[in-house]
Amino acid sequence: MPLYRKELYVFEGDRPVEAVIRSYTEADFPGLIRIQQESFPPRSHPSSGGTRSRLRNHINLFPQGALCVEIAGEPAASVTGLIVNYDPSHGDHTWEDITNSGYIRNHDPNGNTLYIVDIGVRPFYRKLGLGKWLMQSMYEVVVQLGLKRLLGGGRLPGYHRYASEMPPEAYVGAVLEGKLKDPVMTFLLRCGRTPLRLVPNYLEDEESLNYAMLMEWKNPFLAEK
């Protein structure tokens, strides 16, 4: 299976910026660690040594699901996934369980679902729409591999502001009605993801009160009638 590479222009306002979306390699590890350090709270990731072990697993176990955006010769954003065999009737899970705490040793080449482990963009590059481009690229991986769907749990970082006023189900409903915006859920909706179910105790996250919205993108070539 060939690795992924796509050359394109992204935009900073009206200014085109050259970019390459490609499979990442071990040479990218320092840049990928920088992305994770700048994108996620410190408690969300292990030491740089632990992160290197995860990254090494990503490129060895499922290189097609390990992508980065390169701008001006350095990684500016990245996304990682693994393949799982997902049964929607038994949907509740934690991030640690379904991703093997990010090490993806449970990657199943014969599974039916591409599951997002993480996606991050360095703050300096966040006006370029790189997260959406990475998500679109992972949809292409889903189609290329003939999988049923892309799936992932999106944290709800805006919920803590409204937790005293409404349960999480009402918060999600308000986001879907356009009455509220959530930094992650609204982004995923803009990327074409659709909500599947609210999952409690998905990951330790004070802002989300440990809730996440499981959101999917179905392969349009395998969509059920």
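Visitor: Which glycine follows α5, and what's its phi like?

Guide: That's glycine 178, and its phi is positive, near 80°. Keep in mind that this is a predicted model.

Visitor: OK, and α5 itself, which of its residues are buried?

Guide: The helix covers residues 168–176, and the buried ones are Pro168, Tyr171, Val172, Ala174 and Val175. Looking down the axis of α5, they fall within an arc of 160°, so they line one face of the helix.

Visitor: What covers those buried residues?

Guide: The cover includes the helix α6 (185–190), along with β7 (194–199) and β8 (212–218).

Visitor: Zooming out, how many helices and strands are there?

Guide: Six helices and eight strands in the protein chain. In sequence order they run β-β-α-α-β-β-α-β-α-β-α-α-β-β.

Visitor: And what's the radius of gyration?

Guide: It's 17 Å, close to the 17 Å that the globule rule gives for 225 residues, so the chain is as compact as a globular protein of that length. The C-alpha atoms fill a box of roughly 45 × 40 × 40 Å along the principal axes.

Visitor: How much of the chain is buried?

Guide: Buried residues make up 49% of the 225. As for contacts with a separation of 6 or more, 68% are between residues 24 or more positions apart.

Visitor: Switching to the surface, what's the accessible area?

Guide: About 11,500 Å², with 50% of that belonging to carbon and sulfur atoms.

Visitor: Last one, how far apart are the mean positions of the positive and negative charges?

Guide: They're 3 Å apart, taking 25 positive and 26 negative charges.

Key: Residues are numbered from 1 along each chain as its sequence is written. This is a predicted model: local features need pLDDT of at least 70, side-chain atom pairs count only at pLDDT 80 or more; totals for chains, interfaces and linings use all residues. Side-chain values use heavy atoms; hydrogens and water are left out. Buried means under 20% relative accessible area, exposed over 50%, partly exposed in between (1.4 Å probe, protein chains only). Helices (H or I, at least four residues) and strands (E, at least two) are DSSP runs, numbered from the N terminus. The arc is that of the directions from the helix axis to the C-beta atoms. Contact means heavy atoms within 4.5 Å. The radius of gyration is taken over C-alpha atoms; the globule rule is 2.2 Å times the number of residues to the power 0.38. Accessible areas come from the Shrake-Rupley method with a 1.4 Å probe; for residues, only the protein chains shown count as cover. Lys and Arg count as positive and Asp and Glu as negative; His and the chain ends are not counted. The place of a charge is taken as NZ of Lys, CZ of Arg, CG of Asp or CD of Glu.
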